[in-house]
Amino acid sequence: MKIVGRTDIGKRRSENQDNYRAGRQADDTVWAVVCDGMGGARGGAVASGIAVSVMEEELSQKLVPELGQDQIRRLLEQAVEHANGEIFDLACADPTKRGMGTTLVAMVVKRGTAQIIHAGDSRAYLYRAGKLIRLTRDHSMVQEMVEKGSLTPQEAEVHPNKNLITRAVGVNPKLRAEYSECTAEQGDTFLLCSDGLTNFTTEEELCEILGQEDFFTSADKMVQAALETGGQDNITAVLLKMESTEV
């Protein structure tokens, strides 16, 4: 398994409120998490920093080789619950951080299965056989309108309220994060990213980069593409590739 990531403050923000972590376990299980903080001066960077730190601690310590899929799912759910509680408690204790929160998308890839948990509009994708497949559903007002049929996907991409999310880590005492999974095959590449990437690139552009660039330069190329078309938000891309490391 290969891992590469890149984050950038973008052209407009005064602070990078995106955070990410990724790691590989001894049995070649890999995990990654991307968070996009919200709350501005009230602590978006703090919220995303807490979330990735909690996820890193939980996964790096508890993601042992003998865990099965059901146990990994529960580990992901408990880690997100832990992060949600820490952020919410800090926001309640510190008036300057009231309302802070963060999106989150996390993935564990083990024994041919990718297990995903997310809240908000940070996304996970699968690149396989020349096609880019979105694995997560945005938790946003605009996405709900698309699902109800009142907006087309094309209209949603340019809707003025597209960034209003309906779920986030740390905003409420309880969080219903969404879990999903898919197969992971040799040659697959997984992308985890914040909306600073997807708002300033198209899925077609991301697919083209994955098809043409070397794996270890792909995250840089994606961030650069977002910067060249505006870069008005923090931008983060993390890539995981299913590839044998045996000689």
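In the predicted model, strand 2 and strand 3 form a hairpin in which five residues lie between the two strands. Within the turn, Asp28 adopts a positive phi of about 75°. Strand 2 (residues 18–24) and strand 3 (residues 30–38) run antiparallel and are joined by seven bridges. One of the bridge partners can be named on each side: Gly23 pairs with Trp31 of strand 3.

Helix 1 (residues 44–62) and helix 2 (residues 69–93) cross at roughly 145°, their axes coming within 9 Å. The crossing is right-handed. Helix 1 contributes Val46, Ala47, Ile50, Ala51, Val54, Met55, Glu58, Leu59 and Lys62 to the contact, and helix 2 contributes Leu75, Leu76, Ala79, Val80, His82, Ala83, Glu86, Ile87 and Leu90.

In helix 6 (residues 203–212), the buried residues are Leu206, Cys207, Ile209 and Leu210. These residues lie on the same side of helix 6 because they cover an arc of only 160° around the axis. An α-helix has 3.6 residues a turn, so residues three or four places apart point the same way. The exposed residues Glu204 and Gln212 are carried on the face of helix 6 turned away from its buried side. The cover over the buried residues of helix 6 includes strand 7 (123–128), strand 8 (131–134), strand 10 (189–193) and strand 11 (235–241), together with helix 5 (195–198) and helix 7 (215–228).

Key: Residues numbered from 1 in each chain as written. Predicted model: local features only at pLDDT ≥ 70, side-chain atom pairs only at ≥ 80, totals over all residues. Heavy atoms only, no water. Buried < 20%, exposed > 50% of the residue type's maximum accessible area, 1.4 Å probe, protein only. Helix = DSSP H or I, 4+ residues; strand = E, 2+ residues; numbered from the N terminus. Arc of directions from axis to C-beta. Contact = heavy atoms within 4.5 Å. Pairing = 2+ DSSP bridges. Axes fitted to C-alpha atoms, helices over the stretch in contact; angles between N-to-C directions. Left-handed = near helix turned anticlockwise from the far one by under 90°.
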